[in-house]
Amino acid sequence: MFVSNKFLSKRREKGVGQGKVSQSLAMFFLLLASVFVISAAQAEVPNAIPPTVTHSGEDVPQPIEFPHDVHTEENGINCLYCHTYARRSPVAGIPPSSKCMGCHTIIATDKPRIQKLTEYWENNEPILWNKVHDLPDFVHFTHEKHLQRFVFENEGMDVENVSEVCAFCHGDVKKRTVAKKVKPLNMGFCVRCHEANDGPADCWKCHK
Ligand code: HEC
Ligand code: HEC
Ligand code: HEC
Ligand code: HEC
Ligand code: HEC
């Protein structure tokens, strides 16, 4: 099991070095045990202090109600299979209908929502998905840096668990039947996470 070194050493400083050796030793093991319990609950993303604050956004209606839970949790499709660009560009991107039809020319073709999807596809009409997350234009954000830092260049991180990193900023998409915003994504949210994880503090990194 992986425990963030920084976190552990912080706990250690608190527990050890208070005079009586046996007492502080017992204290140390107690703290160590609690560290393992805490880390077991968040073991999916090592070397990260996730933001905890939440936001309660409204359900965002879509031209076709898209069930994330059916695709990700039930059928195990990785977020990056559809949101292909997140790894190497500022935007994550929404998949084109051609990608949907790769499965849905065969899967669930009797379902009304899939028939609607097929209609868009056959009429060559793009699906205009409504935006769920939208920062003001004066803010610079990039998926790439965050995914490199927390997934691809993160020792001990398994790419299979990438959704745990998406969840830092998008919540538990895996369980969702309708898209909505559940993290504030305001300046305080971004800045606090940068402070906690050694991200940049300069104004111009986020405001160009
Ligand atoms: C089968 C393809 C597919 C997979 C797999 C998938 N998504 Fe999506 N995602 C979509 C589509 C289509 C939309 C647009 C409809 C909507 O907002 O529900 C979307 C929308 C989103 C949005 C909102 C975008 C916005 O407008 O702000 C987020 C965030 C998101 N997905 C995250 C994830 C995460 C995290 C995972 C993995 C747990 C994931 N997606 C897996 C297809 C997919
Ligand atoms: C990798 C394969 C795959 C891709 C790609 C895919 N889906 Fe699916 N989709 C599934 C599977 C599997 C189910 C579950 C079918 C079932 O329960 O019968 C499903 C179910 C659905 C449903 C629910 C149907 C219902 O009413 O029960 C909708 C809506 C849907 N998909 C839309 C989409 C859209 C839109 C896209 C493209 C953004 C997409 N899917 C891409 C595999 C896929
Ligand atoms: C550090 C925070 C953060 C993480 C981690 C993150 N996102 Fe995002 N995401 C955002 C923000 C902020 C936006 C809005 C960007 C904008 O409006 O310019 C966004 C927008 C999106 C969108 C809308 C389309 C787009 O590209 O702008 C999708 C889809 C999406 N994210 C999917 C994902 C997926 C999938 C993951 C994990 C692989 C992920 N995000 C990880 C913060 C994050
Ligand atoms: C999970 C914690 C976390 C959250 C939430 C987060 N960031 Fe970051 N961000 C980081 C870390 C860590 C880095 C440094 C990555 C690196 O350089 O390896 C970073 C890097 C960046 C960069 C790249 C700066 C450069 O060097 O070019 C930008 C821009 C950025 N973040 C903007 C944002 C914005 C805007 C938000 C809020 C919408 C946000 N971040 C939310 C952790 C976070
Ligand atoms: C980690 C990214 C990040 C950093 C660093 C950052 N900001 Fe922001 N800032 C944001 C985001 C995101 C918003 C958009 C807030 C919203 O939509 O509610 C914002 C909004 C603002 C606004 C608009 C007013 C408001 O509160 O909505 C001002 C002014 C501002 N920032 C100034 C600064 C200054 C000055 C600094 C340096 C001390 C700074 N920012 C550093 C992310 C950042």
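Analyst: Beyond its neighbours within four places in sequence, glutamate 65 is in contact (C-beta atoms, placed from the backbone, within 7 Å) with Arg113 and Val178. The model is predicted: local features need pLDDT of at least 70, side-chain atom pairs count only at pLDDT 80 or more, and totals for chains, interfaces and linings use all residues. Residues are numbered from 1 along each chain as its sequence is written, while chains are lettered from A and ligands numbered from 1 in the order in which they are written.

User: Why is glutamate 65 called exposed?

Analyst: A residue is exposed if 12 or fewer other C-beta atoms, placed from the backbone, lie within 10 Å of its own, buried if there are 20 or more, and partly exposed in between. Glutamate 65 has 12 C-beta neighbours inside 10 Å, and therefore counts as exposed.

User: How far apart are glutamate 65 and valine 178 in sequence and in space?

Analyst: They are separated by 113 residues in sequence, and their C-alpha atoms by 6.6 Å.

User: Which residues come nearest to ligand 5?

Analyst: Asn186, Met187, Cys190, Cys203 and Cys206 do, out of 13 residues around ligand 5 (C-beta atom, placed from the backbone, within 6 Å).

User: Which residues are closest to ligand 4?

Analyst: Ligand 4 is surrounded by 21 residues, and Arg149, Cys190, Cys193, Asn197 and Gly199 are the closest. H9 provides the largest share of that shell, 4 residues.

Note on methods: Helix = DSSP H or I, 4+ residues; strand = E, 2+ residues; numbered from the N terminus. Contact = placed C-beta atoms within 7 Å.
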